[in-house]
Amino acid sequence: VICQRVEARSGLRVAAIARSLEVALETLMRDVGVERGALEERLLTDDALLERLTLLLTIPETHFFRVKPQMKALANVVLPTLARDRASIRVWSAGCSTGEEAYTLAMLALEGQGPAVSVLGTDLHPGSLEVARAARYGAWSFRDTPPHVRQMYFDAVASARWQVKPEVRDLVKFAALNLLEAHWTVDGTFDLIVCRNVMIYFSNDNAQRLIARLAARLRPGGWLLLGPSDPPPLPATLQRAGLVVRFEDGAILYRRAALRAVTPDRAPAPPPAVPKLEPRAPNAPTLELPVFIVGALDTVAPAAQTDAPSDLHVGLSALEGDDLPLALAALRRAAYLEPTSAFVQFALAQALVSSGQSARARSALRAAARLLEGLSDDAALSGQGMTVADLRRGVQALNVMLGA
Ligand SMILES: C[S@@+](CC[C@H](N)C(=O)[O-])C[C@H]1O[C@@H](n2cnc3c(N)ncnc32)[C@H](O)[C@@H]1O
C-alpha cells in the first residue's frame, strides 16, 4: 500500500528499486524515532511523511554541466538554432532538484550571447527548491564544470562554497510542481524543455504520458532533452506528440515540428511545392555533411544551392521541417539510388522511427550496420567531422530506442 501511495504521488515505481525502499524506511525510522509498524501506519495517512520517504527514494543527485555530449549539443546546436529564430528564449528544467541544471542552462545561454533567456526550474520537493534559490554550492557540484565557468559565473562565499552570481540568478525562477499532477501550475509554452533523470523509475505508461505532455508545451521548433538513462519515447509517442528524433553532437534530442509562421487571421499558406525526385546526374555534387546531424542542415548548404537537390538533402530538409511523408519518399529514393550508403539508411531509419514504423526502422538500421561492417571507427564517412564511430553510435542509440 505504501508503494502504491508513493507511486501515485510521485510516479516512482518502487518495485523497481525495492532495495532502496528498505534503506529509506530504516533511515526514516531513525529520523522519526518510531518502530517499523508505527511508521508504516503513519505513512498511510501522513502526507508530509510520505513526502520525506519519496525524497529519500528519489536520489536528487545532480551537478552543473551534467553529461558532456548533451551540453555540447545544447551549446553548439540547440541554443544557436533558437537564438537565430527567436527574440527571447524560454527554458524549463522540469525536475530540477537543487537547481544546478537550471543555472547551467542560463549560463550556456549567456555564453552563446543570444537573445534574452528565462529559465524556470520546477521540482516535487520544496526542500530542494530552497537550496536552488539560495544558489550556493560545494565543490562536488562542479565536477563537470569547465574552470572558466566557475570564475565567470560564481562568487566564492565561504571555504569551498560558491554562489551563482546575481546576473545568472536573475534569469532563473523556481516553483514547486509535481509532474504527475493532472493540472500543472506552469503556464505557457517553452523553446527548450530539459527533463533528465526524473522518469528513470517511472512506469513506462507514466513516462510516455509525461513525454507527450511535455511535448505539448513546446513551441513549434522547440526542443526536448531527456536523460540518457530515461525511458525513451516509444515511436507511437513520438508520432502522437509530433516529435522528430535528432542526433546532435553525440546526444539524442527531440524536436517539435519546425517553425512555421501561423497567422490565425490569414488564409493558410499553400502547401510547399514538392521537389521532383529525378535521379541525379552521375557527376552531380554529393552532399558533404560536416556532422552526422539531421538538424545541421543550416550549415550544409551546398546541395541546396544546386538546381536539383539530392534526394538525401530533400529528405533531411523534410525531416527538419516535419514533413514526414516527403522525408520518407525522398530518403527511400536515396536508399534505392545509393544502396551502399550507411548514412542514407540511418537517415531513413530516423524518418521511419519518427513516423511510428518501428519494424521498417529496425530493418534500415540493420542495413546501416551491415554497411558499416569492417570499416575502421575513425574512418571519415562523408565529409569532415563525421566518422564511422559517430554513425555506429547513432545506429546503436536508435536501436536502444526501438528496444532492439
Ligand atoms: C536525479 S534528480 C535529477 C536532477 C536534474 N534534472 C539532473 O538530471 O541533474 C531527479 C529529480 O526529479 C524530481 N522528481 C521525481 N519525481 C517527480 C515528480 N513526479 N514531479 C516533479 N519532480 C519529480 C526529484 O525530486 C529529483 O529532484
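Reader: Which atom of the ligand does the side chain of Glu-101 face, and how far off?
Author: A polar side-chain atom of Glu-101 lies 3.1 Å from a nitrogen atom of the ligand. That is a polar contact (a pair of N or O atoms within 3.5 Å; within protein, one must be able to donate a hydrogen and the other to accept it, and residues adjacent in sequence count only if both atoms are side-chain atoms). This is a predicted model: local features need pLDDT of at least 70, side-chain atom pairs need 80 or more, and totals for chains, interfaces and linings use all residues. Residues are numbered from 1 along each chain as its sequence is written, and side-chain values use heavy atoms, without hydrogens and water.

Reader: What about Leu-179 and Asn-197?
Author: Leu-179 uses its backbone: a polar atom there is 2.9 Å from a nitrogen atom of the ligand. Asn-197 uses its side chain, with a polar atom 2.8 Å from a ligand oxygen.

Reader: How much of the ligand does the protein cover?
Author: 97% of the 610 Å² of accessible area that the ligand has on its own. Areas come from the Shrake-Rupley method with a 1.4 Å probe; for residues, only the protein chains shown count as cover.

Reader: How many residues surround the ligand?
Author: 20, each with a heavy atom within 4 Å of the ligand. Thr-62, Arg-66, Gly-95, Asp-123 and Asn-197 are the closest.

Reader: New topic. How many aromatic pairs?
Author: Eleven. Rings of Phe, Tyr and Trp (its six-membered ring) pair if their centres lie within 6.5 Å; planes under 30 degrees apart are stacked, over 60 edge-to-face, the rest tilted.

Reader: How do Tyr-103 and Tyr-137 pair?
Author: Edge-to-face, 6.3 Å centre to centre, with 75° between the planes. Tyr-103 is in helix H6 (residues 100-112) and Tyr-137 in strand S3 (residues 136-138), so the pair ties together parts 34 residues apart in sequence. Helices (H or I, at least four residues) and strands (E, at least two) are DSSP runs, numbered from the N terminus.

Reader: Are those two buried or exposed?
Author: Tyr-103 and Tyr-137 are both buried. Buried means under 20% relative accessible area, exposed over 50%, partly exposed in between (1.4 Å probe, protein chains only).

Reader: And how do Phe-247 and Phe-346 pair?
Author: That pair is tilted: 5.3 Å centre to centre, 55° between the planes. Phe-247 lies in strand S9 (residues 243-248) and Phe-346 in helix H15 (residues 342-354), so parts 99 residues apart in sequence are tied together.
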